[in-house]
Each structure stands twice: as C-alpha cells, then as structure tokens.
Amino acid sequence: MRIIGPDEVVFGVDDVEASRTFLLDFGLKERQQADGSLRFEALDGTAICIHRRDAKALPAPLPTANSLRQTVWGVEDQQALEAIAEELSRDRDVQVAPDGRITCQDDVGFEIAFQVTVRRPLDLAAERINSPGANPARGANQIGADENASALPRTLSHVVFFTPDMQRMQRFYIERLGFMVTDHFTNTGPFLRPRANDDHHVLFLIQTPDYMQGLEHVAFHMQGPTELMLAGTRMVNKGYESFWGPGKHKFGSNWFWYFNSPMGVHVEYDADMDKHDEHWTPREAISNAENSQLFLFQSTPKWAPMGGPPPGKGK
C-alpha cells in the first residue's frame with residue numbers, strides 16, 4: 001500500500017475563531033472551503049481543517065469529547081487508492097466521495113479517508129550549519145541568526161492517537177495498510193511509517209482507557225532546529241501555553257515543541273527526523289521520561305548579563 005502520510009486532519013470544534021487565530025499564529029495559511037469550513041495549510045498543501053462541532057458535513061464524532069473527526073491519508077497515485085479501496089472493502093463499508101476520496105473506519109472506530117496526495121513538491125533550503133572539520137555550509141558573511149525569518153511549517157509530519165485497543169489498531173495499520181514498525185515503547189505502542197515515506201514515523205499509537213480515545217497531537221515539520229525554536233518562541237510571546245519542549249526525542253531524533261491548542265489537542269513543531277529503510281531493526285524501550293527525550297529545555301524570558309542572574313538562579 002503506497003501511503004505517504006497524513007494529508008489532512010479534520011476537527012469539529014466549539015470555538016472556530018480561537019482555533020483559526022491559533023492556526024494562523026502557528027504559521028499555517030488559511031484557505032476558505034466551499035462548505036464553509038476553514039483549511040489551514042503548510043507550505044506543501046497538507047493541512048488542518050476545522051468545522052463547527054455541529055456541522056452536518058462532518059463524520060460522526062468519537063465516543064469521547066475529543067475534537068478529531070477524520071484523518072485523511074495521502075497516497076502516491078490512483079492505482080494505490082484503488083488498491084486500498086479493494087483491500088478494505090473486503091470487511092467494511094467503504095464510501096467513495098464526489099472528490100474521489102474513499103472513506104471508512106479503522107478497526108477501533110477512528111474515521112479515516114484516503115486520497116491521491118495533495119502534497120506539492122518543495123524545493124527549499126535546508127538549515128545550514130558550520131561544523132569544525134567539515135566544509136562550511138554557510139560561507140563568509142552569511143548570517144545564521146535571522147529574527148525576521150518566516151519560520152513556516154513545511155509539511156504535516158505525523159499524528160498520534162490515544163487508542164483503547166492498541167494491539168488491534170496496530171494490526172490494522174500493519175496488516176491491512178502496510179505500515180512498518182520503526183521503534184516501540186513497551187506497554188505504550190509503536191512508531192509506524194508507511195511504505196512510501198522513509199520518515200521515522202507518521203503515526204504513533206498510545207494505549208489508553210476508553211474515555212481518552214482520540215487524537216493526542218498533530219505535528220508539522222520545520223526547516224530545522226533554528227526555525228523550530230524561532231517559531232516556538234513567537235508562539236510563547238503571543239501568549240500560547242507551551243505543553244512540552246523545546247527538546248529532542250530519542251526515538252526519531254527529532255527536535256520538538258508542543259503547544260496547547262483551542263481544538264483540545266496538542267500541536268507540535270518538529271524538525272530533523274531520522275530516515276529509515278527496510279534494513280532498519282526496530283528498537284524497544286520502556287516508555288518513561290528518560291527514554292522519551294534526549295534532552296529537554298524550558299522556555300524563559302530573554303536575559304542579558306547586565307540584568308543580574310538568569311531566571312531561577314538566585315537574586
């Protein structure tokens with residue numbers, strides 16, 4: 001199954017205007033939809049879409065208060081889409097929407113859809129660093145600190161689900177859709193990547209009680225750590241609450257910074273994720289603070305030596 005990754009995550013929210021403001025401040029570009037919903041795109045066209053919670057066009061809600069309504073997976077081409085439709089039609093109702101999407105539920109009741117991907121190819125510069133012993137990535141007089149850099153999300157990176165039946169859900173995505181395990185947290189769940197994407201993961205599953213079922217967070221790739229830190233600092237300065245980060249994960253090696261959102265889920269900036277192929281051997285570790293991050297920072301106000309000791313370091 002030639003799935004690339006999540007193209008769109010659809011929400012039904014109570015406060016559309018607060019969600020709109022958050023997503024614009026996060027760096028996504030607003031697109032008005034014909035059905036009245038709002039679409040907020042990364043640079044490659046992957047997106048978050050928000051509706052009012054009671055919008056008739058939305059798929060049915062989860063049995064919890066979670067605002068997730070649907071995850072739309074992008075596939076390589078029409079042939080890949082038809083293969084998925086044929087496979088899933090063997091044991092569930094699969095609908096074909098007027099725009100060509102196919103829709104159904106996974107084995108744990110999450111609403112999912114598939115479409116030929118909307119992702120636009122990107123041709124953008126990577127973050128450039130200078131490292132002793134290597135050729136400079138930034139030459140003479142090229143400055144690496146630009147407080148006016150746009151620092152915009154480039155693509156929808158991954159989604160993380162709270163699931164009441166991790167084993168059943170894992171089997172569905174692996175056996176029916178061809179996802180592969182890259183790493184696994186014991187008693188928590190697997191990191192998964194599909195066949196047409198070599199990112200460490202586009203999906204992570206976390207075992208939870210029934211009442212927690214839903215989306216935990218959605219993440220967007222940034223250019224690199226510097227733009228992640230710049231974008232996250234701007235969010236803090238606008239008054240948004242940092243949930244976790246900034247820091248760097250162990251599994252996946254990606255930098256991260258998570259924020260609380262008005263949609264009731266976390267939204268993450270990430271950067272510099274590992275790539276894997278069929279020769280990779282998955283790792284296993286206990287899920288705890290030590291294994292979930294290589295290091296973790298705490299955002300504090302800017303400080304200069306003439307202003308006294310750093311925050312939290314005495315009088």
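I take buried to mean under 20% relative accessible area. A reminder to myself before I start: this is a predicted model.

**Entry one: S37.** I found S37 in the loop that runs between β2 (29-32) and β3 (38-41). Its side chain makes a polar contact with the side chain of D35, at 2.6 Å. Leaving out residues up to four places away in sequence, I listed what S37 touches: R31, Q32, C49, I50 and H51.

Next I went to α1, residues 16-26, and noted S19, F22, L23 and F26 as buried. How do these buried residues fall, seen down the axis of α1? They sit within an arc of 95°, so they line one face of the helix. I then checked both ends. At the start of α1, a side-chain oxygen of D15 comes to within 3.3 Å of the backbone nitrogen of E17. After α1 comes G27, with a positive phi near 115°.

Which residues touch the most other members of the largest nonpolar core? I got W73, F114, F161, Y173 and L203, out of 61 residues. Helix α2 (residues 78-88) gives this core its largest share, 5 residues. Apart from this core lies another, of 8 residues, including V160, F185, F191 and F251. Back at Y173, I noted its contacts beyond four places in sequence, among them W73, D106, I112 and F161.

Note on methods
Residues numbered from 1 in each chain as written. Predicted model: local features only at pLDDT ≥ 70, side-chain atom pairs only at ≥ 80, totals over all residues. Heavy atoms only, no water. Helix = DSSP H or I, 4+ residues; strand = E, 2+ residues; numbered from the N terminus. Polar contact = N/O pair within 3.5 Å; in protein donor to acceptor, adjacent residues only side chain to side chain. Contact = heavy atoms within 4.5 Å. Buried < 20%, exposed > 50% of the residue type's maximum accessible area, 1.4 Å probe, protein only. Arc of directions from axis to C-beta. Core = buried A, V, L, I, M, F, W, Y, C linked by side-chain atoms within 4.5 Å.
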